[in-house]
Amino acid sequence: MIENPWTPTHQAVESSDHGELMRLLDEGADVNEVCCGMTLLEHAIDLEGDSALQSGAPIDSRLTVILLAYGADPKPQPPGQMSAAELADYYGHDIAYRLIDRITSATANHPRSGLWSWRRSRKDE
């Protein structure tokens with residue numbers, strides 16, 4: 001019998017189980033977890049792109065949107081692999097590509113740590 005190689009969060013991505021993915025992330029699962037050489041975001045983009053390619057249906061980008069909303073890092077992890085943006089480009093996954101472009105542009109111009117520091121200081125007032 002072959003064992004399932006996926007962690008629970010990667011299995012939620014593989015099954016396109018949006019509710020389970022959000023539940024696991026809400027409970028503290030690492031949004032940048034790597035399993036079988038792919039981050040959750042890379043896995044989601046690969047799954048969404050490949051599913052659309054095989055079925056001829058439009059790309060369903062909900063997994064990608066969920067992961068980016070939870071703070072997934074679009075940089076390639078582990079280094080040397082295709083990045084999430086490269087996977088999105090490969091599959092013509094325009095929504096993923098545009099979101100990653102906006103997120104990486106925004107964080108380059110406005111580092112997140114500064115935003116969190118500002119929020120913490122506002123709470124103390």
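Predicted model: local features only at pLDDT ≥ 70, side-chain atom pairs only at ≥ 80, totals over all residues.
Residues are numbered from 1 along each chain as its sequence is written, and side-chain values use heavy atoms, with hydrogens and water left out. Local features need pLDDT of at least 70 and side-chain atom pairs count only at pLDDT 80 or more, while totals for chains, interfaces and linings use all residues.

Helix α3 covers residues 40-55. Helices here are DSSP runs (H or I, at least four residues), strands are runs of E (at least two), and both are numbered from the N terminus. The 16 residues of α3 reach 22 Å from the first C-alpha to the last, close to the 22 Å expected at 1.5 Å a residue. The expected span is 1.5 Å times one less than the number of residues. Buried residues of α3 include Leu40, Leu41, Ala44, Ile45, Leu47 and Glu48. Buried means under 20% relative accessible area, exposed over 50%, and partly exposed in between (1.4 Å probe, protein chains only). Gly56 follows α3 and has a positive phi, near 80 degrees.

Helix α4 (residues 62-69) packs against α3 at an angle of about 165 degrees, with the axes 8 Å apart. The two helices are therefore roughly antiparallel. Axes are lines fitted to C-alpha atoms, for helices over the stretch in contact, and angles run from 0 to 180 degrees between N-to-C directions. Angles under 35 degrees count as roughly parallel, over 145 as roughly antiparallel, 65 to 115 as roughly perpendicular and the rest as oblique. On the α3 side, the contact (heavy atoms within 4.5 Å) is made by Leu40, Leu41, Ala44, Ile45, Leu47 and Glu48. Arg62, Leu63, Thr64, Leu67 and Leu68 make it on the α4 side. By class, this contact has eight nonpolar, one polar and two charged residues.

Helix α2 also packs with α4, at an angle of about 10 degrees and with axes 10 Å apart. This angle makes α2 roughly parallel to α4. His18, Leu21, Met22 and Leu25 of α2 meet Arg62, Leu63, Ile66 and Leu67 of α4. These residues divide into six nonpolar, one polar and one charged.

Most residues other than glycine have a negative phi. Ser16 is not a glycine, yet its phi is positive, about 55 degrees. Ser16 sits in the loop between α1 (8-14) and α2 (18-26). Ser16 counts as partly exposed because its relative accessibility is 34%. Cys36, also not a glycine, has a positive phi of about 55 degrees. Cys36 lies in the loop between β1 (34-35) and β2 (38-39).

Key:
Nonpolar A, V, L, I, M, F, W, Y, C, P; charged D, E, K, R; others polar.
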